[in-house]
Amino acid sequence: MNFTRNTGPYFFHFFQILPALVLLIQLWLFLRVRAWAVSIHPERRWLVIVAATLFLYFNLELVVIFSIRSKVASLTPWFRYGLIYPFYIWHASTLFIGLILSVVALIKLPFRAAVHGLKKIPAIQHSLRPLTLGPRYASFDSSRRIFLRHVTTGMTMVSFGGATAGIFIGRKGHELTETQIGIKNLPLEFDGFTIGLVSDVHSSIFMSRAEMADYVSVLNELRTDMVVIPGDFVNSTTAEVYPFGEAFSGLHAPYGVFGVMGNHDL
């Protein structure tokens, strides 16, 4: 297999600052969950304890995963399915929820500031006081809280459900697409020449050696004249190239197998 180094711009990997960013989002989410549990269910202290346990467990695991991420590609299946995948489901889902809530908070910020400023004006404050004390306002406020609670619950279910489906179902599928490309003045010797292409393999905890070997089998069965792999052989670490090399060393084609590095490979 021949490889050509990508000469394009270097993409900075965020693995130095990503754990700190994730931990900050996790802390903010936990504080919101705790505030919600205390305000909605003050008698159920166990909700706070359960939330604290989950956040503590998965964030301690975050530190462990980042310390051994160079070895995760070679971990046993039970370790990946029992510990690694739940870890990624948790963090992918909570990161999505945190980003959505952050965007909503930023959108609401100028309106909250305007309302806060208006309430400082005595005349407006005097006019609003009877409205906020009336039964219609109390009914509206209760309906608003119920609506927001249902939206948050639905968003949480979609986030965790989507992440779980993506890891255990979506990543195992593949699709074969056949495309005919016409090239002007192409020599007759290349008429009907076939090229097999697979990209963005991302050898990692989500793409094991056995799974990559399945793709190699599919490509070999196509019996194309040439095979091209345009980049992103690995996901984030140098160690991930070894299972990739072991799996794709079985790939063959009459006119050769060629690869070019992507931004994840630099």
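Reader: Which residues of helix α6 are buried?

Author: Buried means under 20% relative accessible area; exposed means over 50%, and partly exposed lies in between (1.4 Å probe, protein chains only). In α6, the buried residues are Glu211, Met212, Val216, Val218, Leu219 and Asn220. Helix α7 is part of what covers them.

Reader: What am I looking at, and how is it numbered?

Author: This is a predicted model; local features need pLDDT of at least 70, side-chain atom pairs count only at pLDDT 80 or more, and totals for chains, interfaces and linings use all residues. Residues are numbered from 1 along each chain as its sequence is written, and side-chain values use heavy atoms, with hydrogens and water left out.

Reader: How many helices and strands does the chain have?

Author: Both are DSSP runs, numbered from the N terminus: helices are H or I with at least four residues, strands are E with at least two. The chain has seven helices and four strands. From the N terminus on, their order is β-α-α-α-α-α-β-α-β-α-β.

Reader: What span does α6 reach?

Author: The expected span of a helix is 1.5 Å times one less than its number of residues. Helix α6 (residues 209-222) has 14 residues and reaches 20 Å from first C-alpha to last, close to the expected 20 Å. Arginine 223 follows α6, with a positive phi near 55°.

Reader: Which strands does β3 pair with?

Author: Two strands pair if DSSP finds at least two bridges between them. Strand β3 (residues 226-230) runs parallel to β4, joined by four bridges. Ile229 stands opposite Gly259, and Pro230 opposite Val260. Strand β2 (residues 195-197) also pairs with β3 in the parallel sense, over three bridges. There, Leu197 stands opposite Val228.

Reader: What hand does the crossover from β2 to β3 have?

Author: Point the strands away from you. If the path from the first strand over the helix to the second runs clockwise, the crossover is right-handed. From β2 through α6 to β3, this β-α-β crossover is right-handed.

Reader: How do the side chains of β4 point?

Author: They alternate along β4 (residues 257-260).

Reader: Which residues touch the most other members of the largest nonpolar core?

Author: In soluble globular proteins, nonpolar side chains tend to be buried together. A nonpolar core is a set of buried Ala, Val, Leu, Ile, Met, Phe, Trp, Tyr and Cys residues joined through side-chain atoms within 4.5 Å. Here the largest has 16 residues, and Met212, Ile229, Phe248 and Leu251 touch the most other members. The elements giving two or more residues to this core are α6, β3 and α7.

Reader: Which residues is glutamine 26 in contact with?

Author: Contact means heavy atoms within 4.5 Å. Leaving aside neighbours within four places in sequence, glutamine 26 contacts Phe55, Asn59, Trp90, His91 and Thr94. Glutamine 26 lies in helix α1 (residues 18-40). It counts as buried because its relative accessibility is 3%.
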